[in-house]
Amino acid sequence: MSVGGNHTDRLLIDAVAPERRVALVEHGRLTRLWIDRGGPSRFDLHLGRVSKVLPEMAAAMVELSGLADGLLPFDRYNGPLHEGQWVLVQISRLGFEDKGVKLTGRIAIEGLGMILRPGGKQIEIPRKLKDDDRRADLTAQLKALQTDDDGIMLRSQALDWDGAALSGEYQLLRRQWQAAKTALAGPKKPQLIAPAQSEVDQMIERHLMAGGGAVVDGTNEFVRLRGILKARGASDDHLVRHVGTQLLFGASDLDIDLEDEINNALSPRVVLPGGGWIAIDRATALCAIDVNAGGADTGRDGETRAIDLNARAAKEIVHQIRLRNIGGLIVIDPLRVKSRAGRDKFEAVLRQSFGDELDGSVQIGGFTRLGLYEFSRQRAGESLSEVMLVKPDAPELSPQTALNSVVRAVVGECRNGAVGAVTLYVAPMIAERLAMDARGVHILQNELGAAPQIIADPMLSGDAYRLEKKI
């Protein structure tokens, strides 16, 4: 089954490369793009080994898999610690700058609908639920599930879940804890037991559990998501697997060219519908956005034209800020208007476009004496340009982005008949990354049927490549 049909308000998930790209398409437009490259995150569950006890710091250093030793404070672990001891720990803080990873031995395994605290005993229901009968019903259901004095904290997301969904969620979390206990019983080396659920995973699962549609390009990801829905007793009718010779984001039966939309989201210039354009310039301290008429509606009254163009610009600015994931201080230079009503219309459209974000993440400053408009938006991770480009203001793809682009393109060629023994010529930086990270080569091997020979070609750069079949 290919994509086809109406894809308004759907998630489109591209999982054919070492990274996942998740696009939210609403009313025929790309409104959000998430890029998930994995890696360590808070609440990852590890089996570690105490490498050194530091009494002067009231902590111990713990050897981890794939990370530098982490710091485990004595007051975050129940019981004594000694060198060589195997411990189950979670990351409570990732390392940054000159600070290392910080750990906790008080395990809390987070799921979409609940948090499991082994040995925690207590069952907690969100206070926002005021219906006493529903609270009692949920408490009874969770007590029936409770094993080994587990502590279970229900999340607001799961207040309306049925018994099958609650049971499935609990069993998913219990399996992670059982895997941890099994690893601790027969330790051989430090290992990552269970990666924490990423923000992208939580977003996808919330969407699916609410009945939202999703199309997935990538067999493993499709099977994983279908398994999660089935484990919770939820229907998977709205989860569709993309098949065919084209990659999902470039599929001709979509009403939108997602690859083109993504490239446009990296451009500083955005053309407005109906004429005019905006320029988006991100700097270290703030993001400046300039509204330009560009000859739009040249025959109309200047004031009326400026008011209408500013209103169209305000709506597009909010769209671009969300799509590009821009946070911090944002300053807009709209077209100058003489009337207070004209300025009020600009602000009204801006506020209406932000909607629920005004309740917390967006703080409006308003117009300044110089006619600029200021507001701030809470930062939520890296912006799209920071993720994809070498520098946010440079068009050059970052090495990781270029690597994923090459893998994705070769997978596309495989779907059109390029299989068997091949030689893949890539830029030196891509060859180096493929040698360091086996995931890309493994994906290509599965698609081609044989591991490709990777050759660094100094004449190639970025995501340029050449694929030659071996004779």
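D149 sits in the loop between helix 1 and strand 12. Helices (H or I, at least four residues) and strands (E, at least two) are DSSP runs, numbered from the N terminus. Before going on, the conventions: residues are numbered from 1 along each chain as its sequence is written. This is a predicted model, in which local features need pLDDT of at least 70, side-chain atom pairs count only at pLDDT 80 or more, and totals for chains, interfaces and linings use all residues, while side-chain values use heavy atoms, with hydrogens and water left out.

Back to the loop. Phi of D149 is near 60°, a positive value in a residue other than glycine. D148 is placed in the loop between helix 1 (132-145) and strand 12 (151-154), and its phi, near 55°, is also positive.

Are these residues buried or exposed? Buried means under 20% relative accessible area, exposed over 50%, and partly exposed in between, with a 1.4 Å probe and protein chains only. D148 has 51% relative accessibility, so it counts as exposed. D149, at 47%, is partly exposed.

Now the whole protein. There are 11 helices and 24 strands, and the C-alpha atoms fill a box of roughly 80 × 70 × 50 Å, taken along the principal axes. Of the 471 residues, 44% are buried. A contact here means heavy atoms within 4.5 Å. Among contacts between residues at least 6 apart in sequence, 65% join residues at least 24 apart.

Next, the helix pair. Two packed helices are described by the angle between their axes and the distance between the axes. Axes are lines fitted to C-alpha atoms, for helices over the stretch in contact, and angles run from 0 to 180 degrees between N-to-C directions. At what angle do helix 9 and helix 11 pack? Helix 9 (residues 399-414) and helix 11 (residues 438-448) pack at about 5°, with axes 10 Å apart. That makes helix 9 roughly parallel to helix 11, a term used for angles under 35 degrees. On the helix 9 side, V407, V410, V411 and C414 meet G440, I443, L444, E447 and L448 of helix 11.

Last, one more residue in helix 9, namely T401. T401 has 6% relative accessibility, so it counts as buried. Leaving aside residues up to four places away in sequence, T401 touches R37, V387 and M388.

Key. Parallel < 35°, antiparallel > 145°, perpendicular 65-115°, else oblique.
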